[in-house]
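I opened the notebook to go through the chain contacts, the backbone and the charged pairs, one topic at a time.

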Amino acid sequence: MQTTKLGISRRTFIKTGGALAALAAVGGSVPLGSLFRHDIPQIYAETPETFVWNHCAVNCPGRCALKLYVKDDEIVRVDTYSMDTDDMDEIQPRACLRGRSYRGWVNHPDRINYPMKRAAGSKRGEGKYERITWDEAIEIIATNYRQVIEHYGPEAVYMNYCTGNYGVTARPWFRLLNSIGGGFLSFYGNYSLAQLMWITPYIFGSKVTAGSTLDAADDAELVLVFGSSPVETRQGGAVSHHDYVRLREKTKGKVYVIDPRFNDSLLGHSDEWIPINPGTDAALVSAIAYELIMNEWVDEEFLHTYCVGYDEETLPNSAKGQNLSYKDYILGSGYDKQAKTPAWAAPITGIATSRIKSLAQEIGTTKPVFVIQGWGPQRRSNGEMTGWSICMIPILTGNIGLPGTSNGLREGSYAIALTGLPDGTNNVKASISVFSMVDAIDRGSQMTEEADGVVGVKQLPYDIKFVVNWAGNCITNQNSDINWVHDVMSDESKCQFVLGSDILMTDSLKYSDVILPDLFRLEQPSLIGTGGDGAYMLAGSSPTSVKFERKSAYDAATLIARALGKEQEFTEGKTQEEWLKSCYEQSRVKDPLLPTYDEAMEMGVYTRKNPKGPTIIMESFRKDPITNPLATPSGKIEIYSEKLATHISNHRFADDDPVAPIPIYAPEWYGVETTTKEYPLQCSGFHYRGRLHSCWGSLDIMQELNPQEAWINPTDAQERSIKQGDTIRVKNQFGEIELPAKVTPRVIVGTVVMPQGAWHDANMNGDRVDKGGNINTLTTHRPSPFAKGNPQHTNICQAMKA
Amino acid sequence: MAQHAFFFDGTRCSGCKTCVYACKDKKNLKAGSTYRHVYEYTGGQTRKDEQGICVSSCFSYSLSMACNHCESSICVQVCPTGAMHKEEKYGVVLVDESRCVGCGYCHMACPYNAPHIDAISGHSVKCDACIDLLNKGEKPVCVLSCPARALKFGEAGALQTLGQRAAIAPLPDPKYTQPNLFIKPSRDTRPYGSQDGVIANPQEVK
Amino acid sequence: MENAITELPLALFTTLVPIGSGAFLALALAFLVHPFSPEQLKRIDRLTLLPLLVMALGFVDSVFHLKDPLHIFYVFTGIGSSPLSNEIAIGVLFFVVALIYWMLAFGGKLSQAVRKGYALILGVFALVFAVSCGMAYMIETIVTWNTIFGPLEIVGIGILGGILFGTVILMQAKVYDDDLNNSYWRTALVIASVGLVLSAGALAAHIAFSATVVGTQVSGAEITAVALPFGALAIVGLVASFACLIGILTKRRTALSITGFGLVLIASFLGRMVFYLLELNVGL
């Protein structure tokens with residue numbers, strides 16, 4: 001006899017059902033007695049009581065705290081660190097939507113479980129692999145390494161730029177390459193801020209790498225944000241997402257965000273948007289400088305005391321008497337002899353003459369002014385000059401080193417600094433730009449110091465032959481000109497061997513000859529320090545056992561060192577966890593306030609507010625520039641850089657490379673002034689809430705609510721009969737992509753913008769149309785003039801219905 | 001019964017959807033099922049004249065909303081089986097899964113896109129204000145997930161001093177169901193009934 | 001608008017049950033105006049199973065529309081507060097009362113007098129059900145449904161379709177001679193014309209009204225544009241079915257009535273699809 005949940009038998013029910021008997025057969029066994037009660041509660045997903053702390057570890061300084069709830073050796077829920085308080089000054093590294101979606105990523109069906117090698121008969125780039133043992137994998141790796149060292153040398157060995165995994169002991173590969181003999185060809189710069197990183201030492205000296213913390217803007221009367229979306233680029237609860245929202249509430253000042261896109265930091269605050277054509281910030285700044293000079297709003301005393309190069313008075317001797325000052329440039333008495341008036345800048349920037357003038361007046365008559373830039377304006381073909389130009393606004397007006405000011409660079413942070421696994425000594429002197437790996441595979445031995453950004457030697461001795469690509473999608477996906485990269489990388493006569501290691505099969509990983517299965521940082525014991533307005537440190541333990549044949553990067557590197565007879569040199573007898581502890585003890589010597597290792601592991605999150613309050617950059621320099629000089633040749637802020645002038649004369653540049661010893665505006669190779677009939681639109685990327693670069697990009701739940709779309713202005717869309725949601729093609733001289741259109745007034749006319757990091761998806765043996773909509777199918781691999789950095793926002797294109 | 005409510009700060013929300021995904025992880029929701037939605041409401045124009053000078057009247061703001069556990073919940077009214085009901089401690093509207101027939105009336109009637117019929121279980125599902133957490137003295141998972149601190153949850157009496165009762169576009173007149181959602185508007189926020197803008201991300205709020 | 005597809009089973013239910021129940025209107029009319037012999041009644045009663053089957057088909061289909069029909073008995077707890085519960089309760093009650101009628105009639109247990117009264121009650125009850133069916137959709141937040149047009153549409157098709165259905169039954173029972181016709185046709189056509197005016201008129205007015213509604217995501221004008229062709233077809237079909245009914249005055253009455261019945265089923269179904277296409281919530 002069947003009984004229901006409440007124990008009333010079916011037979012009883014049918015007896016009492018009476019006239020409803022005919023329908024009872026349809027209804028099934030439902031107890032009459034429960035018809036009128038509401039006391040049956042919902043069944044909730046089980047949450048185990050205990051959890052393990054760990055942290056996010058991708059290319060974001062958030063490093064947000066993760067509470068990993070584990071049941072039956074699987075992570076069943078991911079929560080974060082949070083406090084129920086209204087106090088915006090409490091440091092809470094709350095994980096963003098990506099951190100909350102780790103479960104789907106850690107358990108992704110494409111997770112790599114075993115070592116693999118390229119399937120017999122397959123070509124590099126096809127992505128066909130067969131499983132091998134760890135012993136076989138290490139043997140292949142060691143053999144190829146030995147061969148490359150024998151036939152070439154360590155300059156042919158290269159560790160690619162990879163940003164998927166950070167922590168005290170997370171990155172063992174430089175150490176490995178140094179341990180196993182000879183070193184490796186290193187890189188300088190990074191994809192985040194290559195151009196700005198290169199030029200900043202010329203402006204402020206090498207000891208200044210960022211601006212004030214965002215909370216310094218509390219005291220500002222005017223806040224200028226160039227090309228930045230703090231809520232999107234660092235989404236966690238204790239970095240700029242939170243800090244910027246706080247700034248906006250606390251500051252006395254009016255805020256302006258200058259950006260081709262009405263970015264998400266502007267939501268609800270449309271009066272703050274100043275739309276600008278991409279790549280033209282330097283023109284805007286030059287015109288503002290013109291107004292500041294003409295109206296005597298510049299702080300001449302500051303310029304003469306703290307800077308060199310503003311006018312003839314402070315030029316170095318080598319530049320005197322030649323109209324080479326910044327003032328000469330702006331007023332038109334030198335350089336291109338063009339006065340940088342607002343009327344000149346208006347058609348370039350797309351900003352009205354009157355608006356430029358009124359903005360200059362606001363800047364010139366307000367104090368203090370807080371100026372920051374994101375890393376978008378510098379990630380362009382004129383990025384060095386653009387980044388430098390933006391800094392001219394605080395420089396010209398003396399808004400540096402005082403309460404309520406920054407220095408025009410990206411906002412700084414107050415952070416916990418931890419000692420990391422030491423890399424050891426790299427005996428190779430040669431270094432190339434981070435952006436040049438594929439060039440160096442293609443024609444490395446032709447790359448020179450004079451023309452190609454080689455540093456340390458006059459010319460590279462050989463092409464790169466051995467590449468380590470771990471925890472990074474920067475061979476193709478995040479790298480420029482994917483179609484060209486594919487052709488170089490799949491040419492097996494060039495690079496001999498690519499060692500790949502990652503947690504998931506990515507587009508870049510398909511160029512590996514051997515793949516090693518990696519672990520997420522959150523699957524390992526870990527420590528990491530970081531901060532925003534406030535500092536914090538995250539500690540983590542392994543939540544589950546290690547699954548399949550995956551190994552940590554440290555353990556994989558150990559095996560390679562062992563095969564090459566250098567295990568002791570690499571490990572010094574320590575496991576990863578032992579290194580973690582010993583490095584942390586070194587950190588505690590430098591920073592005695594830090595908790596003990598065990599305390600840190602227990603608490604998971606350690607926070608520290610800045611006892612001095614906000615960090616005001618260059619405060620001591622402003623107080624006393626003689627006692628506290630900058631690390632520039634003059635000890636001052638260099639508006640005219642003699643050192644840069646020397647660099648220019650000692651190196652070769654293309655005709656359309658914007659080079660000058662002062663911050664100038666120069667058109668981009670593919671910009672608003674160089675669009676063509678075939679490619680009449682500009683195209684730039686932006687960082688997207690739904691991914692961290694390409695991380696999380698293959699998760700269905702993330703793609704569902706965070707689609708890859710091309711934002712296009714209604715004017716441009718209407719001309720092309722494109723409607724909201726239409727599938728469109730965006731193409732240029734480098735490639736073609738396909739994705740849906742977002743027709744929106746949130747982007748300036750004449751520019752298409754799209755999120756970066758979408759997963760490249762094209763038939764490379766067919767039409768190569770990228771159905772994933774990755775912007776890097778459209779970007780150029782030509783490097784920026786000085787930094788030889790990635791100009792990934794400098795693009796032109798055409799858009800059309802698919 | 002102390003009716004509880006959500007509070008949403010429209011001056012802080014950046015539309016990031018962390019709240020949405022915190023909920024999805026806790027409730028183990030797959031693609032196709034979402035209890036909280038983040039709307040992008042956008043209007044105005046961004047144009048260029050013949051000289052290429054840009055003029056913009058563009059405005060845009062986000063709204064994060066799950067279930068508003070309304071005073072006069074229309075889903076409870078139209079539910080034929082009594083499955084949809086308001087519980088007695090917090091005024092949270094819950095679905096009794098042992099009674100729900102999956103007729104979809106709650107989904108059709110709700111003006112806030114809260115309940116929908118789950119494809120697999122065949123029942124109405126929606127935000128339940130994490131009542132299991134409420135019973136432990138904690139807050140719904142979305143509230144404390146927000147990096148920008150844009151959400152609150154608590155007694156309606158206290159929260160109604162912080163903002164107006166859900167009377168903003170693209171929401172309807174709050175008179176229909178008296179939603180327990182209090183909103184601090186941003187400078188861009190338009191009142192309900194405004195035709196100034198549109199929901200610009202319809203695919204993300206199904 | 002995607003509801004139009006998912007609501008297909010309900011469109012079927014709200015076509016079949018009103019028309020099936022409405023057949024009793026025609027039968028009641030026939031019993032009232034004309035005496036039938038016991039053999040004739042027997043043939044009529046046999047065929048009276050048809051409207052019951054049609055209604056049962058509608059009910060079964062509506063149950064399968066539910067995503068979890070096993071809990072269906074809880075529907076009765078909402079009687080009084082939920083208009084959907086009311087509709088289901090009235091519908092089920094009607095079916096039971098009609099089934100009892102049929103069992104009694106088919107078993108020869110109904111006297112002429114009781115039969116007339118019972119059939120009349122069923123006919124009126126059918127209208128009550130049609131009204132409750134329409135009112136089930138009068139939800140305050142669904143602006144385009146919260147109108148009198150919905151109930152009027154269903155009452156209309158119940159009357160028009162019911163007269164056609166019942167007339168077909170009388171003809172198939174081979175009792176529809178010129179005698180019956182003389183007593184029957186005027187009243188039947190008048191009642192049917194009321195049904196036509198209600199169904200077609202309310203549908204037209206409904207579409208016109210919906211066009212004026214402003215929504216948050218889609219406008220009334222947009223959804224009306226999609227619904228209009230179907231609505232126009234439905235109205236044409238309803239008119240055509242009535243035209244066929246007029247054919248009871250001719251020699252081709254049997255063929256025309258069957259055609260008309262087929263037309264009213266299709267047209268009513270189209271009209272119901274239009275109803276679901278016009279769904280527009282006051283909010284999201």
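My entries follow, beginning with the conventions.

**Conventions.** I am working from a predicted model, in which local features need pLDDT of at least 70 and side-chain atom pairs count only at pLDDT 80 or more, while totals for chains, interfaces and linings use all residues. Residues are numbered from 1 along each chain as its sequence is written, chains are lettered from A and ligands numbered from 1 in the order in which they are written, and side-chain values use heavy atoms, with hydrogens and water left out.

**Chains A and B.** I looked up the contact first (heavy atoms within 4.5 Å), and found that 72 residues of chain A and 68 residues of chain B take part. The buried area, meaning the accessible area (1.4 Å probe) that two parts lose on being put together, summed over both, is about 5400 Å² here, and carbon and sulfur atoms give 48% of that.

I then searched for salt bridges, defined as a side-chain nitrogen of Lys or Arg within 4 Å of a carboxyl oxygen of Asp or Glu, and the rule finds eleven across the interface of chain A and chain B. One of these pairs Asp84(A) with Lys139(B), whose closest N and O atoms are 2.7 Å apart. For polar contacts I took pairs of N or O atoms within 3.5 Å; within protein, one must be able to donate a hydrogen and the other to accept it, and residues adjacent in sequence count only if both atoms are side-chain atoms. Between chain A and chain B this gives 30 residue pairs, both residues being at pLDDT 80 or more.

Helices (H or I, at least four residues) and strands (E, at least two) are DSSP runs, numbered from the N terminus. On the side of chain A that touches chain B, the elements that give two or more residues are strand S3 (74–79), helix H8 (240–250), helix H12 (342–349) and helix H23 (700–705). By class, I noted 30 nonpolar, 21 polar and 21 charged residues on that side, where Ala, Val, Leu, Ile, Met, Phe, Trp, Tyr, Cys and Pro count as nonpolar, Asp, Glu, Lys and Arg as charged, and the others, Gly among them, as polar.

**Chains B and C.** Here the contact takes 35 residues from chain B and 31 residues from chain C, and the buried area is about 2600 Å², with carbon and sulfur atoms giving 62%. In chain B, Tyr105(B), Met108(B) and Tyr176(B) lose the most area to chain C, together 26% of what that side buries.

**Chain B by itself.** I counted five helices and 13 strands in chain B. Its radius of gyration, taken over C-alpha atoms, is 18 Å, close to the 17 Å that the globule rule (2.2 Å times the number of residues to the power 0.38) gives for 206 residues, so chain B is as compact as a globular protein of that length. Buried residues (under 20% relative accessible area, with exposed over 50% and partly exposed in between; 1.4 Å probe, protein chains only) make up 71% of the 206 residues in chain B.

**Backbone.** The peptide bond from Lys367(A) to Pro368(A) is cis, with omega near 0 degrees, and Pro368(A) is found in the loop between helix H13 (353–364) and strand S12 (369–373) of chain A. A cis peptide bond also joins Ala169(B) and Pro170(B), with omega about 10 degrees. His69(B), a residue other than glycine, has a positive phi near 40 degrees, and at 2% relative accessibility His69(B) counts as buried.

**Charged pairs.** Over all chains the count comes to 56 salt bridges. The side chains of Asp79(A) and Arg100(A) meet in one of them at 3.0 Å, N to O, and both residues are buried. Which residues are linked in a network of salt bridges? I listed Arg77(A), Asp79(A), Arg100(A), Arg103(A) and Asp25(B).
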